[in-house]
Amino acid sequence: MHVVVIGAGVMGCATAWRLAQVGVRVTVLERALPGAEASSAAAGILGAQTENDAPGPLLELCLASRALWPQFADELRVASGVDVHLLQLGLLELCTTPEEIALRHQRAQWMTARGLRAQWLDADAARALEPALGPAVLGALLLPDDGQVEPPLLARALALAAGRAGAEVLTGQTVQRVAVADGRVNGVQTDQAWLAADAVVIAAGAWTDLVPDLVPRRTAIRPLHGQLLLLHTGERLLHATLAGRHSGGRHGYIVPRADGRVLVGATTEAIGFDKRVTAGAMAWLLSLALEFVPQLADARVVDQWSGLRPQSADGLPLLGPHRAVEGLIFASGHHRNGILLTPVTAEVTVNAVLGLRQRLELTAFLP
Ligand SMILES: Cc1cc2nc3c(=O)[nH]c(=O)nc-3n(C[C@H](O)[C@H](O)[C@H](O)COP(=O)(O)OP(=O)(O)OC[C@H]3O[C@@H](n4cnc5c(N)ncnc54)[C@H](O)[C@@H]3O)c2cc1C
């Protein structure tokens with residue numbers, strides 16, 4: 001069996017790694033370099049709880065993936081030699097208004113009813129946990145089980161692990177056509193070669209809808225631009241990830257790495273395939289950072305970048321086999337949660353390719 005994977009982001013490389021591990025011949029085709037797009041740009045929050053507004057299929061998928069992360073990170077370190085810096089230090093949803101406090105209490109209720117840990121902290125308790133929080137913070141919902149990894153390390157580790165397990169990762173190859181005959185895929189045409197394939201995995205992220213000749217699917221995938229800013233505080237100032245609504249009304253987050261780097265994100269801009277980093281976005285990210293943590297005023301500005309989230313129209317990823325075309329499998333549309341969802345996506349995509357029974361309920365995600 002020969003499987004062709006289109007795209008060497010975290011979805012393509014994780015799937016290729018897992019397929020190669022079980023002896024499947026797999027070729028990954030990447031237009032640029034592994035991890036060149038969203039997968040290296042992400043903040044890396046494993047926000048299974050914070051990213052969900054209500055119980056439902058996406059929450060369950062996110063929880064299943066979060067549970068896989070510790071073992072996945074360990075296995076990946078052994079396979080690639082790269083540590084992806086998994087930190088499980090929790091996340092604080094910060095409140096700056098009475099309305100937000102009421103909302104967080106509601107969130108705590110449904111999370112607790114689902115059996116998840118979520119604890120309300122008043123202002124003093126929040127500050128006891130994170131002394132650098134500013135006076136604007138009136139309280140916080142602590143989600144102790146949401147964590148983080150470092151996406152650029154993850155992208156590198158997965159590409160290395162895939163290659164070492166025997167997958168072929170071809171860079172600088174743009175897929176121009178997915179060939180379908182008699183209701184099943186039989187190969188792909190790149191700008192350089194024809195590759196015959198028994199199965200094709202679509203892991204092209206925000207560019208999924210640009211892969212020519214792809215059959216219609218449940219939802220369109222559109223790029224949603226996000227800009228990020230990286231600061232460095234020297235000594236570590238924060239431990240938990242912070243998320244909340246800035247007084248200007250927009251939502252953002254602050255992700256502290258263990259070595260004193262602090263990532264501030266992120267904008268959400270529907271502006272097509274445009275990755276410019278703008279002065280206005282940087283001004284907003286800085287004002288969010290200083291409102292929540294005033295001491296960040298002394299931090300060094302280290303870097304800034306942006307990426308394109310693969311956003312589906314209904315907010316759910318496309319996972320599994322296409323209903324009408326045999327051998328065509330989707331692993332795309334993970335929007336804001338692709339880093340979190342990497343381990344579970346690799347699992348369900350491998351099962352779909354090999355025709356194995358899925359342990360998870362995936363109906364809502366079928367392409
Ligand atoms: C600013 C920002 C912050 C984020 N923060 C988080 C976070 O905190 N937590 C989280 O879980 N997720 C986060 N995400 C989301 C996460 O980054 C994505 O969901 C995930 O990386 C998607 O992975 P992918 O492999 O599908 O896509 P990508 O990494 O974009 O990979 C797709 C690859 O396909 C290639 N490709 C496309 N078309 C073709 C073609 N025709 N032929 C060959 N190759 C092709 C591209 O070059 C690209 O390398 C964030 C994203 C952004 C942009």
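Helices here are DSSP runs of H or I with at least four residues, strands are runs of E with at least two, and both are numbered from the N terminus. With that in hand, let's start at A266, which sits in the loop between β16 (261-265) and α7 (279-292). The bond joining G265 and A266 is a cis peptide, with omega at about -20 degrees.

A word on what you're looking at: this is a predicted model, where local features need pLDDT of at least 70 and side-chain atom pairs count only at pLDDT 80 or more, while totals for chains, interfaces and linings use all residues. Residues are numbered from 1 along each chain as its sequence is written, and side-chain values use heavy atoms, with hydrogens and water left out.

Staying with backbone geometry, check out two histidines. H85 is not a glycine, yet its phi is positive, at about 55 degrees. You'll find H85 in the loop between α3 and β4 (91-95). Is H85 buried, exposed or partly exposed? H85 is partly exposed, with a relative accessible area of 37%; the cut-offs are under 20% for buried and over 50% for exposed, with partly exposed in between (1.4 Å probe, protein chains only). The other histidine, H335, has a positive phi near 50 degrees, and again this is a residue other than glycine. H335 belongs to the loop between β19 (328-332) and α8 (342-354).

That loop between β19 and α8 also holds L340. L340 is buried, with a relative accessible area of 0%. The C-alpha atoms of L340 and D146 are separated by 9.7 Å, although the two residues are 194 apart along the chain.

Side chains of opposite charge can pair when their charged atoms come close. The rule used for a salt bridge is a side-chain nitrogen of Lys or Arg within 4 Å of a carboxyl oxygen of Asp or Glu. How many salt bridges does this rule give? The count comes to 19.

One of these pairs is R66 with D146, where the closest N and O atoms are 2.7 Å apart. R66 lies in helix α3 and D146 in the loop between β6 (139-143) and β7 (147-148), so this pair ties together parts that are 80 residues apart in sequence. Both R66 and D146 are buried.

Next comes R107 with E93, with the closest N and O atoms 2.6 Å apart. Here R107 lies in helix α4 (residues 98-113) and E93 in strand β4, so the pair ties together parts that are 14 residues apart in sequence. R107 is buried at 6% relative accessible area, and E93 is buried at 1%. Salt bridges that share partners join D53, E93, R104 and R107 into one network.

Now for the helix packing. Helix α3 (residues 57-80) and helix α6 (residues 151-165) have axes that come within 9 Å and cross at roughly 60 degrees. α3 and α6 are therefore oblique to each other; angles under 35 degrees count as roughly parallel, over 145 as roughly antiparallel, 65 to 115 as roughly perpendicular, and the rest as oblique. The α3 and α6 crossing is left-handed, meaning the near helix is turned anticlockwise from the far one by less than a right angle, whereas clockwise would be right-handed.

The axes of α1 and α8 also come within 9 Å, crossing at roughly 55 degrees. That makes α1 oblique to α8, and α1 passes α8 in a right-handed crossing.

Over in strand β14 (residues 241-245) is T241, which is buried at 2% relative accessibility. T241 and I254 are 13 residues apart along the chain, with their C-alpha atoms separated by 5.9 Å.

Finally, go out to the surface. V22 sits in the loop between α1 (10-21) and β2 (25-30) and is exposed, with a relative accessible area of 55%. Together M1, V22, L354 and L356 form a nonpolar surface patch with about 370 Å² of accessible area. Patch members have over 30% relative accessible area and no salt bridge, with like charges joined within 9 Å and nonpolar side chains (Val, Leu, Ile, Met, Phe, Trp, Tyr) within 5 Å. The areas come from the Shrake-Rupley method with a 1.4 Å probe, and for residues only the protein chains shown count as cover.

Note on methods. Axes fitted to C-alpha atoms, helices over the stretch in contact; angles between N-to-C directions.
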